Amino acid sequence: MFYREAGDFKVSYVDDSQTFPIKFDRYRYYVVLAVAFGLIPFLINDYWANAILLPFLIYSIAAIGLNILVGYCGQVSLGTGGFMAVGAYACYKLMTAFPEVSMFIHVLLAGGITAGVCVLFGLPSLRIKGFYLAVATLAAQFFLVWLFNRVPWFYNYSASGQINAPERDTFGIVITGPNASAWATYLFCLVFLAFCALVARNLTRGTVGRSWMAIRDMDIAAEIIGVNPLKAKLTAFAVSGFFIGISGALFFAVYLGAVEVGEAFGITKSFLVLFMVIIGGLGSIFGSFAGAAFLVLLPVVLKVVGVDLLGWPTDIVAHFQLVIVGALIIVFLIAEPHGIAQLWRVAKEKLRLWPFPH
Amino acid sequence: MPEQLIFAMEVTLNGLMAGVLYALVALGFVLIYKASGIFNYAQGVMALFAAMTLVGIMQGQVPFAHLINAVFGGHITHFGWNVPGVVAIGLTVAVMVLLAWLVQVLVMKHLVGQEPIILFMATIGLAYFLEGVADLMWGSEIKTLDVGLPQGINLWIDETTYNIFGYGFFIDNLDIVATVIAALLVAGLVCFAQYTKQGRAMRAVADDHQAALSVGISLNFIWVLVWSVAGFVALVAGIVWGTKSGVQFSLSLIALKALPVLMLGGFTSIPGAIVGGLIIGVGEKLFEFAIGPLVGGATENWFAYVLALIFLVFRPQGLFGEKIIERV
């Protein structure tokens with residue numbers, strides 16, 4: 001009734017190629033932005049920021065990054081944890097070397113450095129495909145984590161081998177360190193998420209995105225019609241690395257504050273982000289958000305129900321979490337291989353015809 | 001003979017033994033991959049699950065005891081009996097067959113015809129699920145597994161090498177036993193695949209699903225069979241690794257160690273799995289021995305992957321893998 005394109009006339013090319021062609025979607029998008037930027041910062045407290053909102057925002061960025069690589073370009077990567085570690089350590093080195101520079105610059109530079117590393121490890125993708133590539137990216141995962149563990153220059157020769165985020169600010173507002181306030185860290189991450197989502201959305205519907213998807217659907221055919229696989233694959237690795245690096249930098253500097261690389265950026269992190277992408281929906285920006293929200297909320301909900309309501313020991317709840325995550329992945333793959341994003345699409349399709357379906 | 005060379009020889013021997021263990025895990029992967037095209041990430045967790053079940057049965061633990069106690073109160077932990085190793089192994093095999101059937105009926109049957117990557121993801125989900133279930137069933141603490149495999153330094157090798165080189169090699173008895181077991185297992189699998197009716201059917205399915213269907217082979221049955229065999233291989237790997245380093249979560253990570261082995265050897269080749277395992281085992285031990293001290297050690301964490309990666313760039317299908325032919 002209210003969700004349809006009828007009556008919404010496009011009179012210019014700009015109108016015709018806008019991100020949300022349906023008016024309702026457009027307003028919904030503005031409302032979400034207004035709530036996220038204008039309302040939540042006033043309501044937020046430390047618990048909500050640290051338990052739910054910050055991890056959600058940061059994992060969303062990582063999931064968008066991985067989705068570009070896996071969902072849009074079809075290059076399966078299990079090295080996300082290692083690439084996030086590159087972002088974190090790059091950010092740490094920059095923070096300690098140039099204390100007076102704004103955090104915005106640091107995080108963006110960390111993303112850029114990660115993009116470079118990602119391209120380097122993406123080079124084998126020109127020769128190897130599918131599973132072989134997935135396993136090859138494990139080389140990145142293990143090698144990078146080992147490197148940050150063993151080479152003292154990366155952690156500034158600290159005795160513990162950990163890296164700790166010193167207090168840094170942007171525009172005079174403290175973002176990292178123990179004195180940062182919840183609303184400031186939240187807004188800082190939100191700005192990056194909004195930026196990444198916007199960039200990703202527009203890249204994926206442009207020339208670059210189309211060449212990625214052509215490579216994903218069938219690389220040989222794509223090559224024959226004139227898509228340059230070298231360019232397509234490496235740009236996918238670069239963009240993906242940029243986003244993942246940003247998320248790694250935020251994860252370390254803003255969210256955790258202190259990081260031990262094997263623990264924070266191990267292979268489990270790679271799988272976690274991959275699950276977000278799968279459960280959310282391969283090849284969908286909205287899916288990245290949905291998957292991140294789902295897997296961030298699930299442990300919180302399970303803990304509230306299991307530990308606080310039922311009074312079970314925490315280790316049993318942790319084991320149940322494994323069982324439930326595993327089962328959910330299987331159920332999703334069987335029932336809806338395209339993830340939450342597909343459910344969303346189906347719902348929208350239904351809504352267009354409502355209340356008079358034919 | 002220079003001392004370094006002798007050390008290097010000892011390291012090489014130990015590497016060969018470790019390689020056999022990697023190959024043991026990799027075998028399970030190859031079996032399932034060949035027959036159903038599924039890359040079974042859960043193989044390592046299956047080894048963990050099998051080893052935990054074996055320990056649990058041997059010690060007479062009550063399954064889900066921790067959970068039952070938490071929900072209903074009470075303090076049950078053990079039935080109070082001990083099962084001898086052989087019987088327990090038999091029971092565990094039965095459990096693994098049941099598991100194979102459940103996996104086929106509940107999961108894989110519904111995913112037939114999906115893209116390989118979707119199937120791969122499903123096995124990752126399966127790995128998480130199994131790990132959670134194993135912890136819930138038997139508790140997550142580290143357990144010792146002792147089914148009577150010999151352990152400790154092999155005195156005969158120690159003495160002989162001492163007489164020849166003036167330096168005794170340290171070779172674990174368990175590694176020797178593991179090598180023998182692996183050899184027997186491979187021989188058994190080859191015989192099974194070549195000379196039995198079911199084995200032939202299995203190979204037919206591996207070759208071509210539709211052709212196999214059209215000559216009356218039940219895909220469903222073959223897949224249950226393949227998963228059972230993989231479960232059995234997992235049990236063997238679980239026993240050897242569990243005896244070596246205790247039954248604990250890290251056991252499931254041997255799956256990750258088996259991946260570079262597979263890449264080197266090719267996903268579809270049983271000899272490839274063995275040769276790949278040996279190369280990786282020797283390579284990483286020698287690398288750690290020669291280069292490790294220069295760069296801070298623990299290179300074993302990544303060496304195998306990087307070796308496999310470099311290798312793949314030059315030969316994308318692995319050593320013995322079938323040539324990858326692509327058509328549009």
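Predicted model: local features only at pLDDT ≥ 70, side-chain atom pairs only at ≥ 80, totals over all residues.
Trainee: What radius of gyration does chain B have, and what would a compact globule have?

Mentor: The C-alpha atoms of chain B fill a box of roughly 65 × 60 × 40 Å along the principal axes. For 328 residues, a compact globule would have a radius of gyration near 20 Å. Chain B agrees with that value, because its own radius of gyration is 21 Å.

Trainee: Are helix 2 and helix 5 of chain B roughly parallel or roughly antiparallel?

Mentor: Two packed helices are described by the angle between their axes and the distance between the axes. The axes of helix 2 (residues 43-59) of chain B and helix 5 (residues 116-138) of chain B come within 9 Å and cross at roughly 15°. Angles under 35 degrees count as roughly parallel. Helix 2 of chain B is therefore, relative to helix 5 of chain B, roughly parallel.

Trainee: Which classes of residue make up the contact of helix 2 of chain B with helix 5 of chain B?

Mentor: On the side of helix 2 of chain B, the residues include Val45(B), Leu48(B), Phe49(B) and Gly56(B). They meet residues of helix 5 of chain B, among them Ala127(B), Leu130(B), Glu131(B) and Trp138(B). By class, the residues of this contact divide into 10 nonpolar, one polar and one charged.

Trainee: Is the crossing of helix 1 of chain B and helix 12 of chain B left-handed or right-handed?

Mentor: The axes of helix 1 (residues 3-36) of chain B and helix 12 (residues 270-290) of chain B come within 6 Å and cross at roughly 140°. Their contact has 18 nonpolar, seven polar and one charged residues. The crossing of helix 1 of chain B and helix 12 of chain B is right-handed.

Trainee: Which element gives the most residues to the side of chain B that touches chain A?

Mentor: In total, 42 residues of chain B are in contact with 38 residues of chain A. Helix 3 (65-72), helix 5, helix 11 (254-265) and helix 14 (300-314) of chain B each give two or more residues to this side. By class, the side has 31 nonpolar, eight polar and three charged residues. The element that gives the most, with 16 residues, is helix 5 of chain B.

Terms used:
Residues numbered from 1 in each chain as written. Chains lettered and ligands numbered in written order. Axes fitted to C-alpha atoms, helices over the stretch in contact; angles between N-to-C directions. Helix = DSSP H or I, 4+ residues; strand = E, 2+ residues; numbered from the N terminus. Parallel < 35°, antiparallel > 145°, perpendicular 65-115°, else oblique. Contact = placed C-beta atoms within 7 Å. Nonpolar A, V, L, I, M, F, W, Y, C, P; charged D, E, K, R; others polar. Rg over C-alpha atoms; globule rule 2.2 N^0.38 Å. Left-handed = near helix turned anticlockwise from the far one by under 90°.
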